Amino acid sequence: MGWSRRLFGVLRRALSKEVKEQVGTDRFGNKYYYIPEYKNWRGQTIREKRIVEAANKREIDYEVGDIPTEWEAWIRKTRKTPPTMEEIMKNEKYREEIQMKSQDFYEKEKFLQEENNKELPLPVQTQIKGHASAPYFGKDEPSATPTSTGKTFQPGSWLPQDDKGHSQ
């Protein structure tokens with residue numbers, strides 16, 4: 001099956017006048033090709049193509065980050081020229097510096113948080129009495145025995161006892 005696919009690809013490229021020009025290779029072994037615009041055997045204009053030939057032939061072996069960002073930008077046509085090796089090395093060094101700076105910042109921030117936590121007193125525990133939707137929120141909780149007279153009676157300040165305790 002593999003030999004027939006290769007043979008078909010060779011025949012198709014021979015008939016289509018497609019010329020693949022290698023423009024670069026990355027550190028992972030991926031090869032990058034440019035196919036300029038051309039006319040096929042029927043006279044149709046075929047747009048330019050940018051192709052990557054992965055070092056890992058199987059799709060299942062591909063992981064995010066296997067294509068450097070500079071080459072991915074070229075493949076997606078967000079940049080016109082393929083990246084140079086000097087540019088890739090410069091950007092890689094810059095990414096490493098940023099990663100070291102962020103690690104230093106993280107460690108300093110962690111150290112400052114630990115120092116601040118040592119100096120701060122423990123938070124005061126608040127006593128929660130009921131819920132804001134309760135009719136007696138902010139007032140004394142209702143009790144089984146009345147605590148006021150008729151003149152100072154507040155609704156919800158006293159709950160009558162169950163009728164179960166009374167015998168008739």
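Residues are numbered from 1 along each chain as its sequence is written, and side-chain values use heavy atoms, with hydrogens and water left out.

The mean pLDDT (the predictor's confidence in each residue, from 0 to 100) of the chain is 78, and 65% of its residues reach 70 or more. Confidence is highest in strand S2, at a mean of 91, and lowest in helix H1 (residues 2-16), at 74. Where pLDDT is low, the predicted coordinates should not be read in detail.

The chain contains three helices and five strands, arranged along the sequence as α-β-β-β-β-β-α-α. Helices (H or I, at least four residues) and strands (E, at least two) are DSSP runs, numbered from the N terminus. Three strands form an open antiparallel sheet in the order S1-S2-S5; strands pair if DSSP finds at least two bridges between them. Strands S1 (21-25) and S5 (49-53) stand at the edges with a single partner strand each, so one side of each has no neighbour in the sheet. Strand S2 (residues 31-35) pairs with S5 in the antiparallel sense over five bridges, and Tyr33 stands opposite Ile51 in S5.

Two aromatic pairs are present in the structure. Rings of Phe, Tyr and Trp (its six-membered ring) pair if their centres lie within 6.5 Å; planes under 30 degrees apart count as stacked, over 60 as edge-to-face and the rest as tilted. The rings of Tyr32 and Trp71 are stacked, because their centres are 4.0 Å apart and their planes at 5 degrees. This pair links distant parts of the chain, with Tyr32 in strand S2 and Trp71 in helix H2 (residues 69-75), 39 residues apart. Tyr32 is buried at 0% relative accessibility, and Trp71 is buried at a relative accessible area of 2%. Trp71 also forms an edge-to-face pair with Trp74, at 5.7 Å centre to centre and 90 degrees between the planes. Trp71 and Trp74 are three residues apart in helix H2 and therefore separated by about one helical turn. Tyr32, Trp71 and Trp74 form one aromatic cluster.

Tyr38 lies in strand S3 (residues 38-39) and is buried, with a relative accessible area of 13%.

Key:
This is a predicted model: local features need pLDDT of at least 70, side-chain atom pairs count only at pLDDT 80 or more; totals for chains, interfaces and linings use all residues. Buried means under 20% relative accessible area, exposed over 50%, partly exposed in between (1.4 Å probe, protein chains only).
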